[in-house]
Amino acid sequence: MSGPSADQRRQLIERILTAVDPRLASALRQEIAQPGPLPLPAEGQTVVIAGHRAAGKTRLLPLVSAVLGRPGVDLDAELSRRSGRSLRDWVVEDTDGFRSAERSLLLELPRGSVVSVGGGFLSNHPDALHPYYTLLVPVSFETYRERLLADTTRPRLRPGMSLEGEISTIYEQRQVLHARVPTVSLADFLRALSSLGSQP
């Protein structure tokens, strides 16, 4: 894939801002306008789009792929395609097997691609992400809760708890785990792209 022009990049940045949690979009715009680091992935470095469940990683995948001019892979969709299994059933019936398979598949994918991973990847495989450019997609608890309550297709992760209890517990636990993993914030990524777009 070839990279986008400066105008195309600006349009894609706008589409990314439109695709994120609407509760956070205004703050992201303000962050992007502030001075800060300009980290972009190195040539040939795989970009991993990570974050909580329901953060919008799958929605951002084609946009980030397009803005970087790289092929994109949805890890969950690829796992389902290769295995012929429903991820919902797989996670419920064999969580350890699923976690092992998602880790192995990420390591097998061609270098330099853009990969969106499932909501548990960042907290379950932090060491596997060491060589990658890990882009963290933010989501507020309110949006996370609303989306998970509305989406009945996702597997339960704590079936012994109420759904409300599961949602708050998983969010809080993963917030702590995510903070321990070196990631690039979406604001820093978009600031770096905006800087590229302003160059002659």
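**Note on the predicted model**

1. A polar contact of 2.2 Å joins the side chains of Asp7 and Arg10. The model under review is a predicted one, and this distance is accordingly a computed value. Asp7 belongs to helix H1, which covers residues 6-19. With a relative accessible area of 47%, Asp7 is partly exposed, since that class lies between 20% and 50%. The C-alpha atoms of Asp7 and Leu28 are separated by 20 Å, the two residues being 21 apart along the chain.

2. On overall form, the protein chain contains ten helices and five strands. A compact globule of 200 residues would have a radius of gyration near 16 Å, and the 17 Å found for the protein chain agrees with this. The C-alpha trace spans about 55 × 35 × 25 Å along its principal axes. Among contacts with a separation of 6 or more, 77% are accounted for by residues 24 or more positions apart.

3. Of the 200 residues, 47% are buried.

4. The largest nonpolar core comprises 56 residues, and those with the most contacts inside it are Val64, Leu106, Phe189 and Leu190. Helix H3 (residues 57-68) provides the largest share of this core, namely six residues. When neighbours within four places in sequence are left aside, Leu190 is in contact with Ile13, Ile16, Leu17 and Ile32.

5. Helix H4 runs over residues 75-83, and in it Leu75, Glu78 and Leu79 are buried. Viewed down the axis of H4, its buried residues fall within an arc of 105 degrees, and therefore they line one face of the helix. The elements against which these buried residues pack are strand S2 (72-74), helix H5 (87-93), helix H6 (95-108), strand S3 (114-116) and helix H7 (121-124).

6. The N-terminal end is capped by Asp74, a side-chain oxygen of which lies 3.1 Å from the backbone nitrogen of Asp76. Just after H4, Gly84 takes a positive phi of about 75 degrees.

7. A positive phi also occurs at a residue that is not a glycine: Ala54, at about 65 degrees. Most residues other than glycine have a negative phi, so the backbone at this position may deserve a reader's attention. Ala54 is located in the loop between S1 and H3. Its relative accessible area is 10%, so Ala54 is buried.

8. Thr46 sits in the loop between helix H2 (25-33) and strand S1 (47-51). Its relative accessibility is 5%, and Thr46 therefore counts as buried, the limit being under 20%. The side chain of Thr46 reaches the backbone nitrogen of Gly112 at 3.1 Å. Leaving aside neighbours within four places in sequence, the residues in contact with Thr46 are Arg70, Pro110, Arg111, Gly112, Ser113, Val115, Tyr132 and Tyr133.

Methods:
Residues numbered from 1 in each chain as written. Predicted model: local features only at pLDDT ≥ 70, side-chain atom pairs only at ≥ 80, totals over all residues. Heavy atoms only, no water. Buried < 20%, exposed > 50% of the residue type's maximum accessible area, 1.4 Å probe, protein only. Helix = DSSP H or I, 4+ residues; strand = E, 2+ residues; numbered from the N terminus. Arc of directions from axis to C-beta. Contact = heavy atoms within 4.5 Å. Polar contact = N/O pair within 3.5 Å; in protein donor to acceptor, adjacent residues only side chain to side chain. Core = buried A, V, L, I, M, F, W, Y, C linked by side-chain atoms within 4.5 Å. Rg over C-alpha atoms; globule rule 2.2 N^0.38 Å.
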